[in-house]
There are 2 protein chains.
Amino acid sequence: MRDNGLYMAEALEQARLAAIRGEVPVGAVVVWRGQVVARAHNRREETADATAHAELLAIQGACRRLGSWRLNEAILYVTLEPCPMCAGAMVQARLAELVYGARDPKAGAAGSLVNLVEDDRFNHRVKVTGGVREEECAAVLRDFFRARRGSVPEGCESG
Amino acid sequence: MRDNGLYMAEALEQARLAAIRGEVPVGAVVVWRGQVVARAHNRREETADATAHAELLAIQGACRRLGSWRLNEAILYVTLEPCPMCAGAMVQARLAELVYGARDPKAGAAGSLVNLVEDDRFNHRVKVTGGVREEECAAVLRDFFRARRGSVPEGCESG
């Protein structure tokens, strides 16, 4: 049986790398046929690019690695529930599955505010599992914002 | 007064470039203080990247050009109503305004299927104007799919 916790540990490692670099700590990996084919963390500040979320970078990396925009058999692991942009990218990439850690009540688009990945009206649906290593995933974010005393997260990857 | 039709003509030019290259013809430009700071068309097939939609590439280009992930004063013109990924990216980039041409009843996320850009629950809202040069924008897509006889579009930028 697939060990979701093990793959989420790799996403958590990416999130911790982000924190060290002063980025809101969200990490993601893409798994394809049991192999991690892409790893990424949020790089919005470093790149000054609004789209440089962990999930988007991981999807782009997996497309490069697999040579296709269709990631049909791929599973994306991410430490935080995706925002609408990233959830939409998962549908575009025809991702098989999304596994996330902490819920994002402020901007989550895999069930919290909206559910873009399981909406029958779109041309693809992604299977969702939430709450994997939830406490650790939430703690990485909480510690980051606590250390930045006074700064308040404003949604997905600090919005 | 701002001439939306003039900027949409530039987006249409991008869409036509996409068609020539065998890409589902959607084009976008980002305007900032009256200047076009980024132009892009859909490049999904060429790049084999699920995220290479016109709008996402235009937002990334504008971030590079302006050196910031915040595009507060920017207006994005696109020939087709954005999909959830692209609409979500507009919110992430704090875009001021979205102007689109043709509606996308199958995957549109600026009012057709969902409205992610004007949702009060998110931390930013984008002003929307639809239907600018609508017939021309729709015709570019229609002609493209007609020429590819038998192929059926399956949503945003062919889904």
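Visitor: Which residues have the most contacts inside the largest nonpolar core?

Guide: In this predicted model, the residues with the most contacts inside that core are A:Leu76, A:Tyr77, A:Met90, A:Leu98, B:Leu76 and B:Met90. The core has 118 residues, and its largest share, seven residues, comes from helix α3 (residues 54–66) of chain B.

Visitor: What does B:Met90 touch, leaving out residues up to four places away in sequence?

Guide: A contact needs heavy atoms within 4.5 Å. With those sequence neighbours left out, B:Met90 touches B:Glu55, B:Ile59, B:Leu76, B:Pro82, B:Leu95, B:Leu98, B:Val117, B:His124 and B:Val126.

Visitor: Why does B:Arg94 count as buried?

Guide: The cut-off for buried is under 20% relative accessible area. B:Arg94 has 8% relative accessibility, so it counts as buried. This arginine lies in the loop between α4 (84–92) and β4 of chain B, and its phi is positive, about 55°, although it is not a glycine.

Visitor: And why is B:Ala48 called buried?

Guide: With 17% relative accessibility, B:Ala48 is under the 20% cut-off and therefore counts as buried. B:Ala48 is found in the loop between α2 (44–47) and α3 of chain B. It too is not a glycine, yet has a positive phi of about 55°.

Visitor: What makes B:Arg39 and B:Glu10 a salt bridge?

Guide: The rule asks for a side-chain nitrogen of Lys or Arg within 4 Å of a carboxyl oxygen of Asp or Glu. For B:Arg39 and B:Glu10 the N to O value is 2.8 Å, and the pair qualifies. B:Arg39 counts as partly exposed at 47% relative accessibility, and B:Glu10 counts as partly exposed at 25%.

Visitor: Is B:Glu135 buried or exposed, and why?

Guide: Exposed means over 50% relative accessible area. B:Glu135 has 51% relative accessibility, so it counts as exposed. Its side chain meets that of B:Arg142 in a salt bridge (2.8 Å, N to O), and B:Arg142 is partly exposed, with 37%. Over all chains, the count of salt bridges comes to 20.

Visitor: What makes β2 and β5 of chain B edge strands?

Guide: Each of them, β2 (35–41) and β5 (127–129), pairs on one side only. The open sheet has five strands in the order β2-β1-β3-β4-β5 (chain B), with mixed pairing. On average, neighbouring strands of this sheet are turned by 15° against each other, direction ignored.

Visitor: How do you know that β1 and β2 of chain B pair?

Guide: Pairing needs at least two bridges. Strand β1 (residues 27–32) and β2 of chain B have six bridges, in the antiparallel sense, and B:Ala28 stands opposite B:Ala40 in β2(B).

How values were computed
Residues are numbered from 1 along each chain as its sequence is written. Chains are lettered from A and ligands numbered from 1 in the order in which they are written. This is a predicted model: local features need pLDDT of at least 70, side-chain atom pairs count only at pLDDT 80 or more; totals for chains, interfaces and linings use all residues. Side-chain values use heavy atoms; hydrogens and water are left out. Helices (H or I, at least four residues) and strands (E, at least two) are DSSP runs, numbered from the N terminus. Axes are lines fitted to C-alpha atoms, for helices over the stretch in contact, and angles run from 0 to 180 degrees between N-to-C directions. A nonpolar core is a set of buried Ala, Val, Leu, Ile, Met, Phe, Trp, Tyr and Cys residues joined through side-chain atoms within 4.5 Å. Buried means under 20% relative accessible area, exposed over 50%, partly exposed in between (1.4 Å probe, protein chains only).
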